[in-house]
Amino acid sequence: MNENIIEFRNVSIDYPLRKYTIRAVTDVTLGIKRGKITALVGESGSGKTTLSSSIIQCISEPGKIASGDIVFFDNVDGEDKKIVVSKFKEKEMKPFRWKRVSMVFQAAQSALNPVMTVEQQFVETLLAHGEDKDKQKQRARCKELLEYVKLDAERVLSSYPHELSGGMKQRVMIAFSLLLNPDLIILDEPTTALDVITQSYIFNLLKQINREKNISMILMTHDISVVAKFADYVGVMYGGRLVEYGKVNDIFRKRRHPYTEGLINATPSIIGDIDKLKPIEGSPPDLMNLPKGCIFSPRCPYAQEVCVGEEPSEICLEDGSKGRCYFFKERDNGRK
Amino acid sequence: MTKDKQNFKSFVKKAGRAIGRFFVKYKYFFAKIGVAVVTLTLTIILLFFLLRLIPGDIVELYALKLQAQQGITFDRAYELASQLLNYDPNEDVFSAFFRYIGGLFKGQLGESYLETGVSANSLLKTRLPWTLFVSSVALFVSFFLGVLIGGYVAQRRRGIGNKIASTYIAISGSIPDYLMALLLVIVFAYKLDWFPSQNNYDAFNTTPGFNFPFIGSVLHHAFLPILSYTLVQTGNWILHMRGSCIGVLGEDYINAAKARGLSDRTIRNKYMRKNALLPLVTMFGVTFGALFGGATLMESIFNYPGIGLEISNRIVNKDYMVVQGLIFFSAAMVIVVNLIVDLIYPLIDPRVKRG
Amino acid sequence: MVKVKNFFILVGKRLREFFIGVGKTCKKVFSNPKTIAGFSILMVFVFIALFGELIFPYNADTDVANKYLDPSWEHPFGTDWLGRDVFRQVIAGTSSVLEIAFFSAIFTVVIGTVLGIVSGFVGGWVDKIIMGITNIFLSIPSFPVYLLLAAIITIDTPVTLALMISIWSWAGLCRAIRVQVMSLKERDFIQICAVMRMSKAHIIFKELLPNVFSYIVINFVMAMRNAIMASVGIMLVGLAAYDPTNWGAIINAARTKGLINAKNIAILMYPLVAIVIFQAAMLMLANGLDETLNPRLKVM
């Protein structure tokens, strides 16, 4: 049994615009572990949303996969079936969406159709996937899920989206994502618009779903403290590249890539002194005008001559971590 | 006895509470109705006093006309005029106003000074059907086309269709509707002689009623007015529908619906169209309400006997009471149709509070 | 003495800043091809209105011997039923049309903006009263009222006609400005001004007005367009016939002479085309300005 559920193989994604083409994701090779939570960290514009929405071919217009494959491993009775989803036609993709891979959107408030009740939207999705047409069963299924996320199912089902609070909507979206028992849920910054208490509540809920239902998750966020608490694996993205990947402990202890180190140093903690925060100098890369060599080199405090020459290729280590930095192996800031 | 009294008291209390709750529950409706009533009242007052500002004594004007026609002395003509005219020059403004309001409550919009038996009501009865026939057919056709085309090009913004639509919008937006009508008359009536240039039906060869020659003639005569309306308004509706659709397509719930595996057709109809149409419903209502006033210029170019042409003719002939009635009627229809749209809007857009 | 000198230096500095700001905005605004096209056509019309009659003076004398001449070098658009040069008529009518458009746009925008800002900013009873008035003006159909007003007022100058048109066309703008002001009032930067106890004049002139300014500019152009539509319409039914060379008046005269005669059709086509070109230019200018000044509303 393959331990990955999704594999990105040298995936590049382009946005062809009128005058030039922007490469939003460049040569990403990444395996998403089955039954685990993999976090994708990076600033906005780093390509994490583009990358993960490419699984279900929902990249916002006019983005397209330029090269590489996305492979989905279907586990049928202990036997692996390899499905190349990036080669799917729109017709084949439709049943795959939500049934195998579902998504919780960044802005839950706007991810629901404002003129339909929650129940109408749930039922519509069930019908689109040819599920049971029995109204009683449909309702029971919706209720079960909403109760699972600890909502007042009766009330919520007959509500319109604008009648629910932000936290409620986010829980509705989570229940929604579970509707067809998917294998993988993509969580696109699921808590950005919520207060801290609701945030931790939502994350505990997600963790519980991950454990109980054995659903794999991709968690996109720029909040590094959330990652430390909930993720099993972490991928760090910068300028469309996967600059570092590894187990959550390795990432936080060793901070091999200078960008990861910068991110962690720039995160405030409750006990820490605010003066010790070290923001990363400079600004995120301009995708239309990338620097030569390693794209992080202009902001990197450790940059050397070699860094501004060629772009470093991926260096893989024995413990499963990998990264794009000339000194990836040597650098180990770990407190072992 | 006392028991009955107590029962009655408690009944009154209950009924009072129920009425109170009713008012609170439908606050939205009553607020809207209240605003409409106030606007209507102010409109009556404004129109009435606006018409009193018109200089010149109507009796005198009519007398001059009679003098020229019949070759009599002015004094004799004046006497005759004040007898013939349905108008009392010595009545003061306020009693005239209250007489007018009283008439309104009886449903009388205004009697003609000049012709006995002719009133705003009788003119509405004969003229309004023609105005409404032409303009509402054009409105429905152009709205339907605009919504279809606007929705279509919004999804294919890079395609050739959108370029054509944009060009069409620019051209139709640059030609005022009455000039469009004039152009169509020139081309199709005078140059090609395919359609008649005047009137609403052929009065010599057909008799009004439910027969084919008459209906055919009516349609033949109505074609150019309807076409010119439609040509101009379609561009407008395409523009609004496309803008609204582009706004909706940028919303997250469209992408979310795609991620849920819904078909493109469902997304287009239930998600894009339905949401994009909401703001257009109000606009449709406003436009529909404005139809009742007729289109003066359009009707005068086609010499089509609608409300607009009637108003302009009556203004020229200084038959002001009828003018007042007709303008008031069209303003009232705008207000009433808007009120209806306001009242049914919460039923189609759940985000608007029902009160 | 030094004080005066300093004052002038300060004024100079402010003026310089102002002109640099204007220059920057102009550069931005005139980077849009639609704006350039619309503005150029408008400038051509303005030029014709200012100098056209000097170059091609119009002689209203009749010359029946030369009626209905075909276009020639002497009479580029031919002559009308009384032998008058149509080309020169159209040229002479330009200034009349533009004056009405310009004055009417100014009146409309001023009335609409002032009432809209007052209504949205002050709120309460003032708002209710202004909105009530606006509702009436929006409900009563405008064209019949123009006809009525034409019976009340003697229209003999462009300003009177422009004023008459404006009286019935400010209401839509007023309502739109009010909505914008009300939403701006909720925004943080205005709220902060209120907390800091800045004067109302400051909030209105320094914070609100600049934020609705682009909207006002676009609406000025649209008001010009609507004024031409209304004024030509009024002329077309024969009212306000103070200037027989106004494009609407020419069209009306040719129309009443009878469209059976193809010559009359030819005569009215020239002012008609001029109106359409002008309207197209206004539309382009408004769209171009809209694209640069409101980048979020990319519709066309």
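In the predicted model, helix 10 of chain C passes helix 11 of chain C in a left-handed crossing, that is, with the near helix turned anticlockwise from the far one by less than a right angle. Helices here are DSSP runs of H or I with at least four residues, and strands are runs of E with at least two, numbered from the N terminus. The axes of helix 10 (residues 247-256) and helix 11 (residues 262-293) of chain C come within 9 Å and cross at roughly 160 degrees; axes are lines fitted to C-alpha atoms over the stretch in contact, and angles run from 0 to 180 degrees between N-to-C directions. Helix 10 of chain C is therefore roughly antiparallel to helix 11 of chain C (angles over 145 degrees).

In chain A, an open sheet of eight strands has the order 6-7-8-3-9-10-12-11, with mixed pairing; strands pair if DSSP finds at least two bridges between them. Strand 6 (101-104) and strand 11 (315-316) of chain A are the edge strands. Strand 3 (residues 37-41) and strand 9 (residues 233-238) of chain A pair in the parallel sense over four bridges, and Leu40(A) stands opposite Gly235(A).

The contact between chains A and B takes 23 residues from chain A and 18 residues from chain B. Helix 3 of chain A gives the most to the chain A side, with three residues.

Residues are numbered from 1 along each chain as its sequence is written, with chains lettered from A and ligands numbered from 1 in the order in which they are written. Local features need pLDDT of at least 70 and side-chain atom pairs count only at pLDDT 80 or more, whereas totals for chains, interfaces and linings use all residues.

Methods. Contact = placed C-beta atoms within 7 Å. Parallel < 35°, antiparallel > 145°, perpendicular 65-115°, else oblique.
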